[in-house]
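Student: I would like to go through this model term by term, asking each time what the term rests on. Could we begin once the structure is in view?

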Amino acid sequence: MAIIMGTAGHIDHGKTSLIKALTGIHCDRLEEEKKRGITIELGFAYFDFIKKNNEKVRMGIIDVPGHEKFVKNMVAGANGIDFVLLVIAADEGVMPQTKEHLEICSLLNIHDGIIVLTKKDMVDNDLLALAKEDVREFVQGSFLENAPIFAVSSFTGEGIEDLKKAIIEKNDTLIPKRRNNIFRLPVDRVFSLKGHGTLITGTLLSGSAKVGDDVCIMPQNIQTKIRSIQNHGENVEKALAGHRTSINLANIETNKIERGNIIAYPNTLIPSTRWLVKLHCLSSSPKSIRHKSEIHFHHGTKEVMAKLYLKDTENLAPNEECLCEVRFSEPLCGIFQDKCVMRSFSPLQTVAGASIINPLPNFPKLKQIDTELAQELLTLENAFLEKDTSKAILTQISFGNNQGISYNELMLLCNLDTKTLEKNLQELLAKKEIVLFDKENKIYLAKKYVTLYETIMLNKIKEYHEKEPLKQFMPKASLLSNFTQVKLGHFLLEQIYKKGLIQTSEDGLCLKDHTINLKSHEKDLKETLYEEFTKNPLNPPLVKELIESTKSSQKDILNVLALLVQEKKLIKIMEGMYFLHTEIQNILNNILAFYKENETLTPSDFKNLSGGLTRKYSIPVLEYFDKEKITIRVEDGRKLRNTTLLQL
């Protein structure tokens, strides 16, 4: 995995000249930059050398602008840096952008670097010594506190070779922190080249991609393909994490892409207009950050306007941190632990940094997060770093979505490589702290939600029994309609069945010990109705006739008829019409015997086989057999649809 070195420092302190002295490459490429003598856009170079193990290395270099007006460009470049050269002119010392650039590097999780005092030829030894003392005092308490200081002159070349050796040594010892397998290339430059079409450049943060791969532009989700890949001007077949990468994209115009977009594989990143972050107000911030304040928000190579919603506070004082929901003016794509930088409107300066906790659109609202959970989320990053990985994953599964979290979403919520994530998921499954309720789509749910939903499901069945006392079974579809995730509903149903809490039948389900307790008048009505059907099986009473003859309500009649259907004494042919179960079975047996010798059943055949059913009943009964997929109508007759019945 390659190392990326970047510059940081105030304008006109010699960053670009230093890179030219180290590499021979002049990073300023715009006419305006050359004319004005200042860096405006990001510049790129490389440094070839041989490591101690004789391995040839090409290290990428990002040169950032130092002017305060171009800090947003500096942030876009610093996002991909592994270690920094903090450049300070010996004749001027620490200046405003020196301080701001160092703060930005800290916020972006850059933990290593080298301090370079440039323009050594412009000062005498005494002033140089004073400059070193001032710099050492300035970096106290920062990640550069113990960093080496090199005094160089890009003009005479003095000190350049010693600096080169230190950079090479840094490349031997520094291990870049790239943890997941998600291919993610933030775009820092878009341009077209005659004969090639659209090209983009960026520092590949994680994962890898090959020539010919289908990719997409996020967050717009525009599909495209990798036509070719270059690393510092050389064609390569594969782009690797940590490399400065140029990609030639197929079938897409340059106006469809902009700095801040991300090249990724399809269906890996999820756009969202709200993130949950750990917000830290810098000690150097001139004032507190107010609840609902607007801010310049920098993530990767993207700058966007955002609004900050603070958890449990109206003001976040300098050097304090809190849970914060960030809402954007347009969708962004992020991953857990991504570092972000925030700059105020007035004065325009860096005032805060943030680390992403949840970049998905469906996390709970701030008011739903209690104090204990808020503290757990604020320390979540430490839990991963301290190798308490399974507990941290469980927190993300529990908090992320009470309807379940997919494996792809977990990749974004945990920022782990696939091997580590899968190992910890298996541990959590073995401990029964999570369940995998959808194996096809790999969707996980915390056990606490399973327990909650099982209780809800049992209560729904109980409520049904209370509402419908004359029905033994609740229709399964009625119960499952309470769950937006169909597979989750089926999973929960299977769980309570395995625990012996319910009994099921083809008619539905009921609580384990549920029985129908008829009141005296309901028992009498049940006997009366059944007797009415047995009097003349081929001419059964219709519901409206039963209401008249028994002087009972329609609701009571229908409830008792439904009970007789559950007990398999009656069959519902259509709305308002029921038959004795035995009578329909006899008719079915007769027509099956008929089909053993004949192909088509005519209406007159059916009348004979049914014992003389009138047209009032014969058509509904024939349509009932069609609905049950026993027969199928063909012109004026019916053929047997389910031929397996002949073998019974």
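Student: Which residue stands opposite K572 in strand 31?

Tutor: Y578 in strand 31 stands opposite K572. Before we go on, this is a predicted model, in which local features need pLDDT of at least 70 and side-chain atom pairs count only at pLDDT 80 or more, while totals for chains, interfaces and linings use all residues. Residues are numbered from 1 along each chain as its sequence is written, and side-chain values use heavy atoms, with hydrogens and water left out.

Student: What makes helix 15 roughly perpendicular to helix 17?

Tutor: Helix 15 (residues 520-535) and helix 17 (residues 554-566) pack at an angle of about 70 degrees, with their axes 10 Å apart. Such axes are lines fitted to C-alpha atoms, for helices over the stretch in contact, and the angles run from 0 to 180 degrees between N-to-C directions. Angles under 35 degrees count as roughly parallel, over 145 as roughly antiparallel, 65 to 115 as roughly perpendicular and the rest as oblique, which means that helix 15 is roughly perpendicular to helix 17.

Student: Which residues of helix 15 and helix 17 meet, and how do they divide by class?

Tutor: From helix 15, E522, L525, K526, L529, Y530 and F533 meet D556, I557, V560, L561, L563 and L564 of helix 17, where contact means heavy atoms within 4.5 Å. By class, this contact of helix 15 with helix 17 has nine nonpolar, no polar and three charged residues; Ala, Val, Leu, Ile, Met, Phe, Trp, Tyr, Cys and Pro count as nonpolar, Asp, Glu, Lys and Arg as charged, and the others, Gly among them, as polar.

Student: Which residues does helix 16 bring to helix 17, and what classes are found there?

Tutor: V543, L546, I547 and T550 of helix 16 meet Q554, I557, L558 and L561 of helix 17. The residues of this contact of helix 16 with helix 17 divide into six nonpolar, two polar and no charged. The axes of helix 16 (residues 543-550) and helix 17 come within 10 Å and cross at roughly 115 degrees.

Student: Why is V450 called buried, whereas D91 is called partly exposed?

Tutor: Buried means under 20% relative accessible area, exposed over 50%, and partly exposed in between, with a 1.4 Å probe and protein chains only. V450 has 1% relative accessibility and therefore counts as buried, while D91, with a relative accessible area of 38%, is partly exposed.

Student: What makes strand 25 and strand 26 edge strands?

Tutor: They belong to an open sheet of three strands with the order 25-27-26 and antiparallel pairing. Strand 25 (405-406) and strand 26 (434-438) stand at its edges because each has a single partner strand, so one side of each is left without a neighbour in the sheet. Strand 26 pairs with strand 27 (residues 443-446) in the antiparallel sense over four bridges, and helix 11 (residues 418-430) lies across both, running at about 100 degrees to strand 26.

Student: How many residues of strand 3 are buried, and which strand is joined to strand 3?

Tutor: Strand 3 (residues 56-63) is mostly covered, with six of its eight residues buried. Three bridges join strand 1 (residues 4-8) to strand 3, and these two run parallel; G6 stands opposite I62 in strand 3.

Conventions
Two strands pair if DSSP finds at least two bridges between them.
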